[in-house]
Every structure is written in structure tokens, then in C-alpha cells.
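Hi,

Here is the structure I promised to pass on. Have a look at it first, and then read my notes below.

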Amino acid sequence: MTANAQEQRRFVELFGHVPWFATLPEQARVLLAAGCDWRRVAGGEALFFEGEASDAVYLLVNGSLAAFQNDGHGGSQLVGRIMAGESVGELGVLISRPRSATVRALRDSELVRLPATHLDVLAETFPQALLGLARLALRRHGELQAHGAAPRTLALLPQSAGVDIDLFADRLAEDLSRFGSVRTLRVSDAGQAAGQYHAIEAASKFVLYVADGNDDAWRQQCRRQADALLFIVRASDVPSSSAAWPDAVDEAVPRRQYLIVQHLSKPRFGAGRRWHTLCPRASIHHVRDARDNARVARLIGGQSLALVLSGGGARGFAHIGVVKALREADLEIDSVGGTSIGAIIGAGVAAEWSIEEMTERFRHAFYDTNPLSDYTLPLVSIVSGRKVSRLLRETYGERDIEDLPLPFFCVSANLTRGDAYVHRDGTLWQALRASIAIPGLLPPVFRGGQVLVDGGVVNNLPVDLMRAQHRGEVIAVDIGGDYALSARDDEYELPPAWKLWMQDRSGYRRPRLREILLRAGMINSGTHAANARAQSTLLIKPPLADIGLLEWQSFFRAIDRGYQHTLRIVGGPKDALADETPVF
């Protein structure tokens, strides 16, 4: 049903406050308004579904929407949010393609519907109108592809009795205020009309809806208004065995979730997993002091810095030097991800070990002893893996990934499914053991009926996985992409054993079996490095061509190479990372 005269006047007035519509002549906005109608969508309800025909563009007047795409595994992933004053669905209408995503209301929302047929009528008289819409659609599409959308309205939901929610809200508001204006609403602000909440949200960069544990109606109001849910617990509290968090299983609208675990001092091991079982989709953040509070604010506000470390065997010790230089340049790392040796070093960074502690622990595990020397009958692999497992246990203990002070993930390759297996929870040393299981050299890890090997097989530099969960800057360190095996002569079969032995004694060099297996396990690293360059803020490639993948005795030389090279790149302030930077 098209708009009546009064509604048309309101539409024309609304269009005057929206960037694309405001540039249109008055006559165009009047013509556009004649074909519009209202659409009201309840929180959790779908506006349209992925794959449907693109039959209209929508302008969001009040409320909040989110766009989700099929992840290929039966689930969906958030690809962006639409705030009041923004439009949605324009790209599909312009190129006559089905909807590329499912759009749902995060809370009760009011929209103006612009039918595609009426936009065609508009274009006949005012062709420049669709040109402006096309530019807007392409710009917004590029922004969502590159960074996603930061949450602006946050529900602060205490989940255990020991939480001082007002104190946490005040500290979070203070830290977020560095990135824009913040408004905090408490139970005393309950009962306002929807338009009043919209006005508050429109006037502020962030709005904190602080739930009161004793007022369920206000708590639900906080949830409905929020783009993201923050569950705040005390590490020392024990969740009820019958506890159910309906807040955390809102599958109709899978909004971003954060689990804030508060500690009195140093992290209490086991608390992360204990609470995370109640909200498995939430990212875990441990808060001990003001520094951790600031990190949470950076992560929420899209102002954080992530570090991604690649695999590359013994060259991976250069990561220690890179981290040393980054810390000296006052670049505070907020999230870490890695593959193979990059996962091992990255776990030390996520554990907040000092450079001295990392150097000592990894020197003992790799330099003082060859971790790949426990040879076995080569039915599954050349070495048994017992030595590597023991060294990982000694280095990291039995802590869980969920207990690391910094958010962390590592990657292994799932040979059962033929894709990447991303480890974000579980026992840390076991995840690292899977991430370094070089096919043929180390035995695979068998977990839940799946066969896991070195992550370099599928993704040696997982910047894309970091980008999927992280808004902000990403530094990627590639220490394996330029490694190449070479042979002296053309050869199609090996000579007899006695001749092999004689040639080896005389210095004739062929690639060794372990080198072939290790290089084969990271053969796609060059391709991923190219992808990583496009997705990372800075891609660091220390000069390591003369260090072999299994050259453990180059431990200190690799560290120094990474350090000296990175010092020359990030000697300046963090703001320099915002500039366009080449691969080094």
C-alpha cells in the first residue's frame, strides 16, 4: 500500500536527513515518497532471507538490523550491522541479483520500504538518483567486506553475584570515551519510549545499557536494545549447575557476545572454561586491572591491534625478535593467532610471557634438544611425537586456551573434512601439537574422530581468520613464504644405496626427506601471503633465506634477524600503521 499525503510528507522530511536522499532534488524526493510504505519488524524477525529476490530497498528509521551469510557449514556468520539512517538491500536491487545475506532486526525496528519497481520509475525522470545510490551501495559493501561493523549499543549483563556492575560500567565508559561519546543508561532510565532510546543512540557513539540483576524487565530491555552482549562474571564465583543463559543462545539474532571474567589478581586457571561452557559463542576476555579494561574497550571499539604469526620451522624463532621490537615500539598486542611454529610462539605472547621468558623456554625446548629426534618405525610418521608432546607439556602445562590473558587461536588442517580446524578452546598444548603435526614427519592428532595435521597445509598465515573475528589493525609476520627447495641435477629415481652414501660423503646435496615433508606441508604459504597482504595492516617478512626450516641451531640468529628487521619498520608511533605500507 502506497503512502497517503501525510505519510508522504514525513517520508520527504526523512529523506532530507539521509546522505543519498538529501542530494536529490525536491521533486525527486516527492516522487520517491509516493511509492514508499512503512514496514515494522519485531526483534529477531527476518526482514528478508539470503537467496530471495531483491524487490525493494529499505531505509531504517528506528532500531537496528544485522546481516548474516551462510558459512557453508549449516550456520551463519555476521557480516555487518545497519544502524538508523542507513539503507539496506540496495546492491541487489541495482544489479538485479538475489539477496546476498539474511537481514534480521536486532530489536524492534521501523523502516521505509522503497519498491524496486518504483526506483525504476524514479530513474526514468532522475537518472542521477540511482548513480548516487550505486556509489553508496559500493562504498558500504566495501566497508563491510573489509572490517565488518563495530557494536555501538552494549548490554552489560552481570552473571554472578560478586560482580560490581556499576564500577565495571564506569570504567568501560571511561575507556570507550577515547573513541567517541558514551552514554550510560541504568535501571532508572527504564520505561522510556522507543523513540527516546533511538534519540540517545543517534547522539552517542556508544550506549551502555547496564542491567540490574534484580529487575528482569529492564534486563530484557537492555538485551533488546543491544548490538552486543557483555556477560560479566567473577572468576572466583562458581556458576550454578542448573544455570541456563537464555541471553547466550539467541540463535535467531546471533549478535556479538563477550565473556568478561574478572580476577582479583592473576588469572585463576580453569575459570575461563568453567564459565565459557554457559556461553560458548562468546569471546573470552580476562580482566585483572586497568590495562585489561582498556584492552576490552579497544576490542569492542575496533581500535585494537592483532598479531598473526606464520609457520616456517626453525625460522619461526624470528617471531620472538619481531615481538620484542613491537613491544619496544609501544605497540600493545590485543589478540594473537598463528599456525605451526607461529602458534607456539604466539601462545607465549598470549600468555604475556616476557621476551626473556620466551627465549629461555623455547631455547630449552628447541635449541638444547632436537624435538624431532625420537625416530620410530615409519608406518605413520618418521618420528613418534612423544618428545614433542612432552616438550609442549613442559612448556605450557595443562592450561586451557580459555585461560590465556589475550584472546588466542591456532590452526591445524582437518584431513577428515579437508579444511582448516581453528582451535579457540581446549587444552593449549594439545591444540599446539595438532598445529605442528607435519604430515609424514610427526604423527597426526586424532580428535573426536577427526585427523588433524600441521595448519600450514591449508592456511600458513591465517590473517583471514583473524579478520573474521577482529576489527582493527592486524600485523602479519611471514617467515616461511619465500622458502624454496632446489636440486642440483635432473633426476627421476634415486641411485643405489651405496652410491647415495658415497655422494653424501662427498658433499653432494639433495633435499632431505624431513625438509621435503616440511616444505610440502606449507606449499600454499605463498598464496596465503598474497591474500594476507591485502587483509593486513602491515606484513613483515624478515630476511631468513639462509636459515633452513629445521636449522634449530640458528635459534639466536633468527631472533636477531626478526628484531633488527622489525625495528627498521615500526620504530615510529602506532599511528604510522594506518598509512599504506608495503611488504618488507
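Glutamate 402 is buried, at 6% relative accessibility (buried means under 20% relative accessible area, exposed over 50%, and partly exposed in between, with a 1.4 Å probe and protein chains only). Its salt-bridge partner is arginine 273, with N and O 3.8 Å apart; a salt bridge here is a side-chain nitrogen of Lys or Arg within 4 Å of a carboxyl oxygen of Asp or Glu. Arginine 273 sits in helix α10 (residues 271-276) and glutamate 402 in the loop between α15 and β15 (408-414), so this pair ties together parts that are 129 residues apart in sequence. Arginine 273 itself is partly exposed, at 33%. The helix and strand names come from DSSP runs (helices are H or I with at least four residues, strands are E with at least two), numbered from the N terminus.

Before you go further, note that this is a predicted model: local features need pLDDT of at least 70 and side-chain atom pairs count only at pLDDT 80 or more, while totals for chains, interfaces and linings use all residues. Residues are numbered from 1 along each chain as its sequence is written, and side-chain values use heavy atoms, leaving out hydrogens and water.

Back to the charged pairs. The structure holds 29 salt bridges. Another one joins aspartate 166 and arginine 186, whose closest N and O atoms are 2.9 Å apart. Aspartate 166 belongs to helix α7 (residues 165-176) and arginine 186 to the loop between β8 (182-185) and α8 (194-203), so here the parts tied together are 20 residues apart in sequence. Both ends are partly exposed: aspartate 166 has a relative accessible area of 37%, and arginine 186 has 25%.

Arginine 390 and glutamate 394 also form a salt bridge, with 3.1 Å between the closest N and O atoms. They are four residues apart in helix α15, which puts about one helical turn between them. In general, an α-helix has 3.6 residues a turn, so residues three or four places apart point the same way. Arginine 390 is partly exposed at 40%, and glutamate 394 is partly exposed at 44%. There is also a network of salt bridges, which links Arg288, Arg291, Asp292, Arg295, Arg298, Glu332, Asp334 and Glu352.

Now for the strands. How many residues of β18 (450-454) are buried? Four of its five are, so to speak, under cover. β18 pairs with β15 in the antiparallel sense over three bridges (two strands pair if DSSP finds at least two bridges between them). Alanine 413 stands opposite valine 453 of β18. Strand β17 (residues 445-447) is also antiparallel to β18, over three bridges, and arginine 447 has glutamine 450 as its bridge partner there. The hairpin of β17 and β18 has two residues between the strands, and glycine 448 takes a positive phi near 60° in it.

Finally, the overall picture. The chain has 21 helices and 20 strands, and 55% of its 584 residues count as buried. Of the contacts (heavy atoms within 4.5 Å) with a separation of 6 or more, 77% come from residues 24 or more positions apart.

Cheers
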